[in-house]
Amino acid sequence: AKEQGRNGFRHFTPSMQEKAENRIRLANDLRFALSSQQFQVHYQPILDTVTGQVVKAEALLRWQHPEHGFVSPDLFIPIAEDTGVIHEVGNWVFREAAKLASRWRKQCPAACGQVSVNISPRQFMHEKTVDALLGCLTEMNMPGECMAIEITEGLLLDDQDHVREKLVSLREAGIRVALDDFGTGYSAMGYLKKFNIDYLKIDRSFVRDLARDESDRAIAETIVIMAKRLGMKTIAEGVETNEQRDILAAVECEYVQGYLYSRPLPAAGFLEYVAENMRAGC
Ligand code: C2E
Ligand code: CA
Ligand code: CA
Ligand code: CA
């Protein structure tokens, strides 16, 4: 294959075709994945930087494919979006997350834990999504404050009136809104004042080299300061070392999340982690 690689054309075409075929196969398999119980939701703890307490969790979807094993969400979420499967799956994730929030509340009523769910742009824009999310809260008898959604910057540039209207409905129900992967998409930030956002999530790419890279440090600090000035709080993702944590604490980033504390865990494992964290703290 190496020799053929010189002929870029011959080398390139089959892999494109293979990729397309894989995509079609995965798209088909995705249709049955929910009813075949191949999905799981894992939860990654988010800690208060000052107290070290677990106060939030991010729900992350996991797909265990019967032949290929674990398939990364970065690979299958875009396919689920293209095929429309994302709506059913997304509503299921939200329900699972609300269930976890409810178990968390029963386990420690004082904790007031909040579970956030990633919502892709197309899922967010679907006419039934907002009602589905609100209906789920009513059904589970959960206050909106226990839930948050994570959306990306691109969405806020889309159909602004429509997006704002939907965000207002969710926030009126108490659901918090986090802006995911902040700083990686668009440099125009005027939209921040047009929408009511509760949290900015500092992308992992700015956290990774925090201890070595002066500019990353400046970016992280600037995001925190700007967030505070605009009445928002910041969550840093991908925190893997104590050094990174110390820098984030020094610039007064409110929340941290990453492998330093825990990988995303199945529901039972997450609740154990929370119980352990409560015993260790205060
Ligand atoms: P994201 O929302 O930016 O999620 C953070 C990703 O970083 C997760 O990858 C998480 O497992 C990983 N991560 C957390 N801490 C660390 C760390 O310390 N180091 C490193 N290297 N990675 C860390 P994951 O679970 O593979 O998810 C990838 C993406 O898939 C997510 O990125 C999100 O955009 C999307 N996704 C996951 N679940 C859902 C879902 O239910 N719905 C939608 N629409 N998208 C989802
Ligand atoms: Ca996220
Ligand atoms: Ca993110
Ligand atoms: Ca991401």
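Aspartate 181 comes out as partly exposed, with a relative accessible area of 26%, on a scale where buried means under 20% relative accessible area, exposed over 50%, and partly exposed anything in between (1.4 Å probe, protein chains only). Aspartate 180, by contrast, counts as buried because its relative accessibility is 8%. The model is a predicted one, so local features need pLDDT of at least 70 and side-chain atom pairs count only at pLDDT 80 or more, while totals for chains, interfaces and linings use all residues. Residues are numbered from 1 along each chain as its sequence is written, chains are lettered from A and ligands numbered from 1 in the order in which they are written, and side-chain values use heavy atoms, with hydrogens and water left out.

Helix α11 covers residues 214-229, and its 16 residues reach 22 Å from first C-alpha to last, close to the 22 Å expected at 1.5 Å a residue. That expected span is 1.5 Å times one less than the number of residues, and helices (H or I, at least four residues) and strands (E, at least two) are DSSP runs, numbered from the N terminus. Buried in α11 are Asp216, Ala220, Ile223, Val224 and Ala227. Seen down the axis, these buried residues fall within an arc of 95°, so they line one face of the helix; the arc is that of the directions from the helix axis to the C-beta atoms. Glu214 and Arg229 are exposed on the face turned away from the buried side. The cover over the buried residues includes β6 (176-182), β7 (199-202), α10 (204-207) and β8 (233-236). Past the helix comes glycine 231, with a positive phi near 75°.

Elsewhere, leucine 26 belongs to helix α2 (residues 8-33) and counts as buried at 10% relative accessibility. Leaving out residues up to four places away in sequence, leucine 26 touches Trp63, His65, His68, Leu75 and Ile79, where contact means heavy atoms within 4.5 Å.
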